[in-house]
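Please look through the sequence and the model below before reading on. The briefing that follows takes up the surroundings of the ligand, then the helices, and then the strands.

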Amino acid sequence: MSTTNTDVLVVGAGPTGLLLAGDLATAGIDVTLVERRPHGLGNMTRAFGVHARTLEQLDARGLADELLATGTTLTTARLFGRLDLDLTRLPTRFNHLLVTPQYEVERLLERRAVDAGVTFRYGTELRGLRQDAEGVTAELTDPEGTPLTLRARYLVGTDGHRSSVRTALGLPFPGHSVIRSIVLADVRLAEEPADVFSVNGSGDTFAFLAPFGDGWYRVMGWTRTRQVADSEPVDLDEIREIARKALGTDYGMHDPRWISRFHSDERQAPAYRVGRAFLAGDAAHVHSPAGGQGMNTGLQDAANLSWKLTAALRGTAPDPEALLDSYQSERHPVGAMVLRSSGAIVRLAMAHTPLTRATRSLAAHLVNAIPPASARAMGMLSGIDIAYAPAPGTGRPSGRRAPDARLREGRLYELLRQGEFVLIAPGGPAPALPSTAPVTAKHLIRATWTDPAKRTAVLVRPDGYVHWTSN
Ligand SMILES: Cc1cc2nc3c(=O)[nH]c(=O)nc-3n(C[C@H](O)[C@H](O)[C@H](O)COP(=O)(O)OP(=O)(O)OC[C@H]3O[C@@H](n4cnc5c(N)ncnc54)[C@H](O)[C@@H]3O)c2cc1C
């Protein structure tokens, strides 16, 4: 049996694994990405909504503008027929939701990972793993089914909701099924809907419609009166009927390019790290597609973990174990929050008792009527307001998202494309780095405020969060 060595073995070439592997290779780390699908066979298009914070992360990798050209942007999200979220108020250059198929996100991330030098092994499946103090040994099979082992210093399971890595680590995936028999199709419409992004329903039925911008629409529907197994066939008539009940019309749906029925679970792994192995994306958390959070959350997991693994491998972290543990302490609560919020949306959409329907009306009314509630809902849904606890020895705004800023050397998110920390300071001698900084001068990008009145120095992490400010 042959054994190969690598610094980081990433298992699963979905969006999470592709972003992670691309980041690591960009930083000069030796990465192998194994994927059990054969090369060229894409994942089913599931996600279609890319939120503002994810677009910022893609901007920090030079991919956002290209991705924007593949879809359409929506500035309002309408929930329950009456709750409107005005995304133009988000404080970012990406103050909208991008609707584009998941395969477009994967295509750009795969190209970046290939260009950065990731070693891809398609048709290769992880079967098991074991760890020791120095690394992880992965047991795999190649496209011919021949066993092989791969030795890595770290391993990351980005292998989706049925994660073999999670199973091999002995981690449970507690939770339950939240909604079943959701039907889904990509269709053409004879009539254009007035609400371009809409969730509407009576509690016994709901439907959701969003445009891809190229004439195709994603429609999703659910009805209490037809609750069957995923394996039951679904046709366009069933989806049309649900749309008519929920939206009052089926907009003349025709020519579906694909149709599917699925159920959705709410589950989260209790630990995202076991020794030298990590979980990210759907391998770590799954929830209902309401709110379009799954792929977005997985991509943010990857952005959070990649620079920490890089610092641990380069030896630039003062306390590498604490830094790697911070992946769990920062991202696990975000996963839990996404489970709660996507679960709340789906439960409110399914509300059918007088009390739960009144709760839905009240929630919609409050969010519409109270600007801070609406801003909070948008901030969380878009990921813009997600923040972490301050790093040890630093106070707020450490842990907060660093907004894009025009600097003498260019925009902050353009500078982040090098995948390194950015130290923004007034002109003149460079300030000393704090002892907590998991970076040395060799890997630091220095930038200068355009405004000479700004006297503060800010150290921005490679994932666009503030690590430290000088006062
Ligand atoms: C109907 C629907 C709509 C959705 N809409 C949205 C949306 O609008 N926005 C959003 O953010 N999310 C959405 N999601 C969720 C989103 O699709 C997932 O969260 C996302 O695909 C997770 O990405 P991932 O990379 O973590 O895992 P996956 O995309 O599942 O990728 C895992 C990869 O690992 C590979 N693999 C598995 N086991 C092994 C193994 N043992 N060895 C090697 N390779 C392996 C698989 O082949 C796969 O390619 C939706 C989901 C559904 C079902």
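## Around the ligand

By class, the shell of residues around the ligand is made up of 11 nonpolar, 16 polar and seven charged residues. The model described here is a predicted one, and the protein in it has 11 helices and 25 strands. Of its 471 residues, 48% count as buried, and among contacts between residues at least 6 apart in sequence, 71% join residues that are at least 24 apart.

**The ligand shell**

- Among the 34 residues around the ligand, those that come nearest are Gly12, Gly14, Gly160, Gly281 and Gly294.
- Two or more residues of the shell are given by each of the elements α1 (15-26), β2 (31-35), β9 (125-131) and α7 (294-314).
- The element that gives the most to the shell around the ligand is α7, with four residues.

**Helix α1**

- Helix α1, which gives two or more residues to the ligand shell, has 12 residues and reaches 16 Å from its first C-alpha to its last, close to the 16 Å expected at 1.5 Å a residue.
- This helix is mostly covered, since 12 of the 12 residues of α1 are buried, including Pro15, Thr16, Gly17 and Leu18.
- The buried residues of α1 pack against β1 (3-11), β2, α4 (102-116), β11 (147-157) and α7, and of these elements β2 and α7 also give two or more residues to the shell around the ligand.
- After α1 comes Gly28, whose phi is positive, near 90°.

**Helix α6**

- Helix α6 (residues 236-247) has 12 residues that should span 16 Å at 1.5 Å a residue, and its end C-alpha atoms are 16 Å apart, which agrees.
- In α6, the residues Ile239, Arg240, Ile242, Ala243, Ala246 and Leu247 are buried.
- After α6 comes Gly248, whose phi is positive, near 85°.

**The sheet of β3, β7 and β4**

- Three strands form an open sheet in the order β3-β7-β4, and their pairing is antiparallel.
- Since β3 and β4 (72-74) stand at the edges with a single partner strand each, one side of each is left without a neighbour in the sheet.
- Strand β4 pairs with strand β7 (residues 97-99) in the antiparallel sense over three bridges, and within this pairing Thr72 stands opposite Val99 in β7.
- Gly49 is found in strand β3 (residues 49-50), and Gly49 counts as buried because 24 other C-beta atoms lie within 10 Å, where 20 or more are needed.
- Leaving aside the neighbours within four places in sequence, Gly49 is in contact with Leu97, Val99 and Gly292.
- Gly49 and Thr72 are 23 residues apart in sequence, and their C-alpha atoms are 9.9 Å apart in space.

**Strand β12 and its partners**

- Strand β12 (residues 175-188) is joined by 10 bridges to β16, and these two strands run antiparallel; in β16, the bridge partner of His176 is Glu266.
- Five bridges join β12 to strand β15 (residues 217-223), and this pair also runs antiparallel; in β15, the bridge partner of Leu184 is Met220.
- As background, strands of a sheet pair through backbone hydrogen bonds, either parallel or antiparallel.

- Most residues other than glycine have a negative phi.
- Ser181, which has its place in strand β12, is a residue other than glycine with a positive phi, near 60°.
- Because Ser181 has 19 other C-beta atoms within 10 Å, it counts as partly exposed, the limit for a buried residue being 20 or more.
- Asp255, which lies in strand β16 (residues 254-268), is not a glycine either, and has a positive phi of about 50°.
- With 12 C-beta neighbours inside 10 Å, Asp255 counts as exposed, because a residue with 12 or fewer is placed in that class.

Note on methods
Residues numbered from 1 in each chain as written. Predicted model: local features only at pLDDT ≥ 70, side-chain atom pairs only at ≥ 80, totals over all residues. Near = placed C-beta within 6 Å. Nonpolar A, V, L, I, M, F, W, Y, C, P; charged D, E, K, R; others polar. Contact = placed C-beta atoms within 7 Å. Pairing = 2+ DSSP bridges. Expected span 1.5 Å × (residues − 1).
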